[in-house]
Amino acid sequence: MFTTTNLLIGFIINLLVAITIVRFIYYPVKQNKNYVFTFLAFNTAVYFVMSVLTSVEISVGVGFGLFGLFSLLRYRTNTMPSREMTYLFIIIALPVLNSVLISNSEWVSMLLANTAVIGMLFVLEHEW
């Protein structure tokens, strides 16, 4: 059962993970504010859209349509460097993962997945 409390707690966790990635991993290395708004706005929008989609009975076609829309946006915008595109993909994939895991009350799995992504990004950006 997906409750308002789960929605809000999930949103806060998801937003904190996104801010951690953008502010403490991406921004110190790139020093580029151009994508900060995009990363956080996409993350928030995708989290709420996926929260609604996981709480109602829908077909798989709707999910493919949603990702088709994101693909269409990609072809209609200016070219984005590959590193920023990777961060955008991660910022879009995390709320999808988080909303599905939260709807199934798999809090530990969600925290482990988010920690693993943050850790991997940190190592790749700072230690590699």
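## What covers helix H5

Helix H1 (residues 4–30) and helix H4 (82–103) are among the elements that cover the buried residues of H5. Helices here are DSSP runs of H or I with at least four residues, numbered from the N terminus. The model is predicted: local features need pLDDT of at least 70, side-chain atom pairs count only at pLDDT 80 or more, and totals for chains, interfaces and linings use all residues. Residues are numbered from 1 along each chain as its sequence is written, and side-chain values use heavy atoms, with hydrogens and water left out.

Met110, Asn114, Leu121 and Glu125 are the buried residues of H5; buried means under 20% relative accessible area, exposed over 50%, and partly exposed in between, with a 1.4 Å probe and protein chains only. Viewed down the axis of H5, these buried residues fall within an arc of 35°, so they line one face of the helix. The arc is that of the directions from the helix axis to the C-beta atoms. The face of H5 turned away from the buried side carries exposed residues, namely Val108, Leu112, Thr115 and Glu127.

An α-helix has 3.6 residues a turn, so residues three or four places apart point the same way.

## Helix H2

Helix H2 (residues 36–55) has 20 residues, which should span 28 Å at 1.5 Å a residue; the end C-alpha atoms of H2 are 29 Å apart, which agrees. The buried residues of H2 are Phe39, Asn43, Val46, Tyr47, Met50, Ser51 and Leu53. These residues cover an arc of only 165° around the axis, which puts them on the same side of H2.

Threonine 38 also belongs to helix H2, and with a relative accessible area of 23% it is partly exposed. The C-alpha atom of threonine 38 is separated by 8.1 Å from that of leucine 88, although the two residues are 50 residues apart along the chain.

## Aromatic pairs

The whole structure contains seven aromatic pairs. Rings of Phe, Tyr and Trp (its six-membered ring) pair if their centres lie within 6.5 Å; planes under 30 degrees apart count as stacked, over 60 as edge-to-face and the rest as tilted. The rings of phenylalanine 11 and tyrosine 47 have centres 6.3 Å apart and planes at 45°, so this pair is tilted. The pair links distant parts of the chain, with phenylalanine 11 in helix H1 and tyrosine 47 in helix H2, 36 residues apart. Both phenylalanine 11 and tyrosine 47 are buried.

A stacked pair is formed by tyrosine 35 and phenylalanine 39, with 6.0 Å from centre to centre and 20° between the planes. Tyrosine 35 counts as buried at 18% relative accessibility, and phenylalanine 39 is buried at 0%. Tyr26, Tyr35, Phe39 and Tyr87 form one aromatic cluster.

## Glutamate 84

Glutamate 84 is located in helix H4 and is buried, with a relative accessible area of 2%. Leaving aside residues up to four places away in sequence, glutamate 84 touches Tyr26, Lys30, Asn32, Tyr35 and Phe39, where contact means heavy atoms within 4.5 Å.

Notes. Helix = DSSP H or I, 4+ residues; strand = E, 2+ residues; numbered from the N terminus. Expected span 1.5 Å × (residues − 1).
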